[in-house]
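Here is a short briefing on one protein model. Keep the sequence and the 3D view open while reading.

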Amino acid sequence: MQTIESGGKYLEEEPHEGEEFGYVLLYFLDSFADNQKRINNIISQYPNSNVLVINTGIKVEKILKAQVINPSPLEFVRLIINSQAILTDSFHGTAFSILFKKEFYTFPRNYKIYSGQKDRLTSILGMFSCSDRYIEKDSKISPIDYSCIDETTFPSLPLSVPVIR
């Protein structure tokens, strides 16, 4: 049976360039121009870390130390597992961060088609008492208490990992 902590044998692969020294992972599906200052402030809390940005077509020229990468779906999950922190506007980036008990920051996104998508983000954050991780302004952020998350929280994980392959 796979464990939430490690992600299982399917995720044991060679690291991307820059991973070996620790990294902050950015995964944004929409422009984060309005949040660049906040993002750079968070990145500066990890002074010895690289910054890996998953390529979604968003411009990243004003992000400190950014290295754009193009991971496969499996590498995407591994990148989250091995990161020091994740900054995202994505539901999946947030959900995997919670699943793998990572330090994370979720930012607002401009939903062009269905604005109700924000509800699933705020819902999962509330479910795990992480609502303050939704960074709308200069939010006060509390440490994350992951004591309530274990394999029973995500019972289908062992079934889903092979599908990601």
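In this predicted model, strand β1 is largely enclosed by the rest of the structure, because 5 of its 5 residues are buried. Both faces of β1 are covered. Y23, L25 and Y27 are buried on one side, and V24 and L26 are buried on the other. Side chains in a regular strand alternate between the two faces of the sheet.

**Sheet**
- The sheet is open and has 5 strands, in the order β3-β2-β1-β4-β5. Its pairing is parallel.
- β3 (66-69) and β5 (103-106) are the edge strands. Each has a single partner strand, so one side of each is left without a neighbour in the sheet.
- On average, neighbouring strands are turned by 20 degrees against each other, with direction ignored.
- β1 and β2 run parallel and are joined by 4 bridges.
- Strands of a sheet pair through backbone hydrogen bonds.

**Helices on the sheet**
- Helix α1 (residues 36-43) lies across β1, β2, β4 and β5. It runs at about 155 degrees to β1.
- Helix α3 also packs on the sheet, where it touches β1, β4 and β5. The direction of α3 makes about 155 degrees with that of β5.

**Nonpolar cores**
- The largest nonpolar core has 27 residues. L25 and F104 have the most contacts inside it.
- Five elements each supply at least two residues of this core: β1 (23-27), β2 (50-54), α2 (73-82), α3 (91-99) and α4 (117-127).
- Helix α2 gives the most, with 5 residues.
- Which residues does L25 contact, leaving aside its neighbours within four places in sequence? They are L52, I54, L79, I80, S83, A85, I86 and L87.
- Another core, of 17 residues, lies apart from the largest one. Its members include I39, I43, Y46 and I63.

**Aromatic pairs**
- The count comes to 5 aromatic pairs.
- F28 and F32 form a tilted pair, 4.6 Å centre to centre, with 50 degrees between the planes. Both F28 and F32 are buried.
- F76 and F96 have ring centres 6.0 Å apart and planes at 75 degrees. Edge-to-face requires planes over 60 degrees apart, so the pair F76 and F96 is edge-to-face.
- F76 lies in helix α2 and F96 in helix α3, so their pair ties together parts that are 20 residues apart in sequence. Both F76 and F96 are buried.
- Y27, F76, F96 and F100 form one aromatic cluster. Of these, Y27 is also one of the buried residues of β1.

**Confidence**
- The protein has a mean pLDDT of 79, and 73% of its residues reach 70 or more.
- Which elements have the highest and the lowest mean pLDDT? Strand β4 (residues 85-88) has the highest, at 96. Helix α5 (residues 157-164) has the lowest, at 50.
- The pLDDT is below 50 over residues 1-10. Beyond near neighbours in sequence, this stretch has 29 contacts in the model.

Definitions and conventions:
Residues are numbered from 1 along each chain as its sequence is written. This is a predicted model: local features need pLDDT of at least 70, side-chain atom pairs count only at pLDDT 80 or more; totals for chains, interfaces and linings use all residues. Side-chain values use heavy atoms; hydrogens and water are left out. pLDDT is the predictor's confidence in each residue, from 0 to 100. Contact means heavy atoms within 4.5 Å. A nonpolar core is a set of buried Ala, Val, Leu, Ile, Met, Phe, Trp, Tyr and Cys residues joined through side-chain atoms within 4.5 Å. Buried means under 20% relative accessible area, exposed over 50%, partly exposed in between (1.4 Å probe, protein chains only). Two strands pair if DSSP finds at least two bridges between them. Axes are lines fitted to C-alpha atoms, for helices over the stretch in contact, and angles run from 0 to 180 degrees between N-to-C directions. Rings of Phe, Tyr and Trp (its six-membered ring) pair if their centres lie within 6.5 Å; planes under 30 degrees apart count as stacked, over 60 as edge-to-face and the rest as tilted.
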